[in-house]
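Subject: A structure for you to explore

Hi there,

Here is the structure I promised to pass on to you. Please open it beside this email and follow along as you read.

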Amino acid sequence: MVEFKTISYEVVTVGEEFMSEDFVIKPEDVETYAYAVGDHNSWFFEDSPFGGPIAHPTLLGNQALLMRHSKYIVPAGLHAKMQFEFIEPLRVGMRVRTHGKVIDKYEKRGRHYMVTQFETREEGSGQPLVRGQFTQMIFPESGVHRETTNR
């Protein structure tokens with residue numbers, strides 16, 4: 001049984017690893033994502049220069065962000081920065097999984113941040129599809145930073 005702790009600057013450790021659930025890219029995922037981001041490029045539904053339809057390259061961004069939830073209760077946070085490297089197109093029917101590692105945590109202007117590096121691979125072949133890094137602000141347990149309480 002997994003015991004979940006509430007995420008905090010104090011409990012997150014540099015070098016800590018995360019893994020997402022596996023995810024099968026379904027046609028309705030591609031359609032829902034296109035609607036959500038307002039991008040209905042024909043490559044997502046018809047032929048593309050990659051040979052057949054592909055999924056939006058940032059479709060799996062949330063999978064990387066949600067890895068922390070495999071170990072922690074994450075009541076709130078602020079997405080500060082995210083970088084992607086798109087290696088191979090995402091296709092309907094692929095089963096994918098994201099692995100990540102905390103590579104830094106720091107305090108800046110009284111706020112706590114964690115930096116996680118990630119890679120998403122196709123489960124069957126192990127082919128890397130997307131690499132990246134994201135920086136998240138970790139809110140204090142009270143939900144309010146020190147200087148905010150003095151206003």
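A quick definition to begin with: a residue is called buried under 20% relative accessible area, exposed over 50%, and partly exposed in between, using a 1.4 Å probe and protein chains only. By that scale R109 is exposed, as its relative accessible area is 71%. Its backbone stands out too: R109 has a positive phi of about 50° although it is not a glycine. You will find R109 in the loop between β6 (95-108) and β7 (111-122).

Two notes on how to read all this. Please keep in mind that this is a predicted model, where local features need pLDDT of at least 70 and side-chain atom pairs count only at pLDDT 80 or more, while totals for chains, interfaces and linings use all residues. Residues are numbered from 1 along each chain as its sequence is written, and side-chain values use heavy atoms, with hydrogens and water left out.

**The overall picture**

The chain has three helices and eight strands. Those names come from DSSP runs, numbered from the N terminus: helices are H or I with at least four residues, and strands are E with at least two. The C-alpha atoms fill a box of roughly 55 × 35 × 25 Å, taken along the principal axes. Of the 151 residues, 36% count as buried.

**Salt bridges**

How many salt bridges does the count come to? A salt bridge here is a side-chain nitrogen of Lys or Arg within 4 Å of a carboxyl oxygen of Asp or Glu, and by this rule there are seven.

One of them joins the side chains of D22 and R95, at 2.6 Å from N to O. D22 lies in the loop between β2 (17-19) and β3 (23-24) and R95 lies in strand β6, so this pair ties together parts that are 73 residues apart in sequence. D22 is partly exposed, at 30% relative accessible area, and R95 is partly exposed as well, at 42%.

Another salt bridge is made by the side chains of R97 and E123, at 3.4 Å from N to O. This pair also links distant parts of the chain, with R97 in strand β6 and E123 in the loop between β7 and β8 (128-138), 26 residues apart. R97 counts as buried at 18% relative accessibility, whereas E123 is partly exposed at 34%.

Then look at E119 and R121, whose side chains meet in a salt bridge of 2.6 Å, N to O. Salt bridges that share partners join E85, E119, R121 and R131 into one network. Within it, E119 is buried, with a relative accessible area of 16%, and R121 is partly exposed, at 33%.

**The second largest pocket**

A pocket is found on a 1 Å grid over the protein atoms alone: it is an open set of points where a 1.4 Å probe fits, with protein on both sides within 12 Å along at least five of seven lines, and its lining residues have an atom within 4 Å of a point. The second largest pocket has a volume of about 150 Å³; grid points are joined across faces, edges and corners, and the volume is the space filled by probe spheres set on the points.

Which residues line the second largest pocket? They are F23, Y33, L59, L60, N62, Q63 and L66. The largest share of this lining, three residues, comes from helix α2 (residues 61-66). By class, the lining has five nonpolar, two polar and no charged residues. For these classes, Ala, Val, Leu, Ile, Met, Phe, Trp, Tyr, Cys and Pro are nonpolar, Asp, Glu, Lys and Arg are charged, and the others, Gly among them, are polar.

Q63 deserves a look of its own. Q63 lies in helix α2 and counts as buried at 12% relative accessibility. The C-alpha atoms of Q63 and F23 are separated by 8.5 Å, although these residues are 40 apart along the chain.

**One more pair to find**

P140 sits in the loop between β8 and α3 (146-149) and is partly exposed, at 28% relative accessibility. P140 and I7 are 133 residues apart in sequence and 9.1 Å apart in space, C-alpha to C-alpha.

Enjoy exploring!
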